[in-house]
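Here's a quick briefing on how this fold is put together. Have a look at the model first, then read on.

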Amino acid sequence: MDLNQIEMTLGFLGPSGVVLSAERRVGIMTSLTLLQNDERFESVEYWGRIVGTNSDYYIAQGRPKGDPFKTKSFYSTDCISWAQLPDTHPVLASTCAKIRGMFTGNPSHEFTVREAGATADQAKPEIPAELAAIRQEETKGDGSIVVTTTVTEEKRLAAAVMAINFETSPIPRGVLKKTSAGEIEHSHSFGGLSTAAAAKLENYLHRRAPGSVPKSPEAMAKADPALDFMDSLKEDIPKKCWSIQYQQGSKLVVLRSMTWPGFTFFHVPHTPLFGHVYQGDGQRNNDLIFEL
């Protein structure tokens with residue numbers, strides 16, 4: 001949720017279980033205002049909370065000027081002091097996705113992941129030195145390779161936030177537009193989706209680099225190049241991985257991710273108001289395809 005809209009967002013999402021104590025709220029607004037000024041971000045958002053067994057992680061994201069998709073993520077356990085989450089290499093992200101179980105709340109806590117390495121007919125992935133330093137390869141008697149990686153909880157947290165961002169983070173269609181020169185900018189004329197349009201998944205787009213997922217022929221045929229250059233939630237797999245419903249009559253539309261339980265998005269039709277918050281254990285529902 002945008003820093004300037006915390007009170008409003010909590011009001012809309014409170015019935016969905018998204019809450020912050022008054023103390024946490026004040027701490028977040030004060031400390032993130034300072035963070036925005038120090039980092040010179042265009043905007044700062046309170047992203048949400050990942051629950052731990054001993055302590056929770058509060059997450060915030062800053063958006064630099066000039067890039068509508070780039071973010072820097074930060075975490076805190078007290079909503080006062082914030083530390084930047086490290087970048088996550090794709091190989092490490094894949095390893096972290098195999099970790100199951102709760103976060104502890106201790107960034108230095110270590111997890112050990114054992115997984116199959118590249119086979120003889122597969123090329124080994126190119127990885128940076130700092131990632132190679134935490135991986136050990138062992139060749140078994142049958143020639144197979146087992147890779148053991150020691151992952152700190154801070155790295156796991158960074159991978160979880162990155163994965164949740166990629167598979168969620170929707171915005172209403174029309175918030176961003178592509179100019180004839182190919183530049184992407186905010187549309188100052190966006191006044192919100194209509195009540196009917198707000199109930200359709202195709203009118204919500206992932207706020208991530210365009211073309212991350214191939215569009216279906218049907219979607220390409222209907223696409224408006226100025227508005228539909230991002231990936232639509234309707235194209236997400238598996239189907240029905242989003243729930244969408246009206247609340248307060250039809251004055252509010254709420255989307256929930258079934259892939260990442262705890263992710264909630266809202267939009268007020270006929271207004272430019274929208275936002276989202278994640279509040280969960282940071283674990284993907286990999287069994288969703290069997291539950292639908």
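Which strands does helix H1 lie across? Helix H1 (residues 6-13) lies across S1, strand S13 (252-257), strand S14 (263-267) and strand S15 (274-280), at about 105 degrees to S14. Bear in mind that this is a predicted model, where local features need pLDDT of at least 70 and side-chain atom pairs count only at pLDDT 80 or more, while totals for chains, interfaces and linings use all residues. Residues are numbered from 1 along each chain as its sequence is written, and side-chain values use heavy atoms, with hydrogens and water left out.

**The eight-stranded sheet**

- Helices (H or I, at least four residues) and strands (E, at least two) are DSSP runs, numbered from the N terminus.
- Eight strands make an open sheet with mixed pairing, in the order S4-S3-S2-S1-S15-S14-S13-S12; two strands pair if DSSP finds at least two bridges between them.
- Strand S4 (83-84) and strand S12 (242-247) are at the edges with a single partner strand each, so one side of each has no neighbour in the sheet.
- Strand S1 (residues 43-50) pairs with strand S2 (residues 57-63) in the antiparallel sense, over seven bridges, and isoleucine 50 has tyrosine 57 in S2 as its bridge partner.

**Helices H1 and H2**

- Helix H2 (residues 22-39) lies across S1, S2 and strand S3 (72-76), running at about 135 degrees to S1. Axes here are lines fitted to C-alpha atoms, for helices over the stretch in contact, and angles run from 0 to 180 degrees between N-to-C directions.
- H1 and H2 pack at about 140 degrees, with axes 11 Å apart.
- In H1, Ile6, Glu7 and Leu10 meet Arg25, Ile28 and Met29 of H2, contact meaning heavy atoms within 4.5 Å.
- By class, that contact of H1 with H2 has four nonpolar, no polar and two charged residues. Ala, Val, Leu, Ile, Met, Phe, Trp, Tyr, Cys and Pro count as nonpolar, Asp, Glu, Lys and Arg as charged, and the others, Gly among them, as polar.

**The three-stranded sheet**

- Another open sheet has three strands in the order S5-S7-S6, with antiparallel pairing.
- Strand S5 (110-116) and strand S6 (135-139) take the edges, each with a single partner strand, so one side of each is left without a neighbour in the sheet.
- S6 and strand S7 (residues 145-152) pair in the antiparallel sense over five bridges, with threonine 139 opposite isoleucine 145 in S7.
- H5 packs on this sheet, touching S5 and S7, and its direction makes about 95 degrees with that of S7.

**Pockets**

- A pocket is an open set of points on a 1 Å grid over the protein atoms alone, where a 1.4 Å probe fits, with protein on both sides within 12 Å along at least five of seven lines; lining residues have an atom within 4 Å of a point.
- The largest pocket holds about 790 Å³ of space; grid points are joined across faces, edges and corners, and a volume is the space filled by probe spheres set on the points.
- Of its 31 lining residues, Asp2, Ser43, Glu45, His186 and Arg207 are the closest to the centre.
- The lining of the largest pocket has 13 nonpolar, 11 polar and seven charged residues.
- The second largest pocket has a volume of about 520 Å³, and Gln61, Thr71, Ser73, Met162 and Asn165 are the closest to its centre among 21 lining residues.
- H5 gives the most to the lining of the second largest pocket, with five residues.
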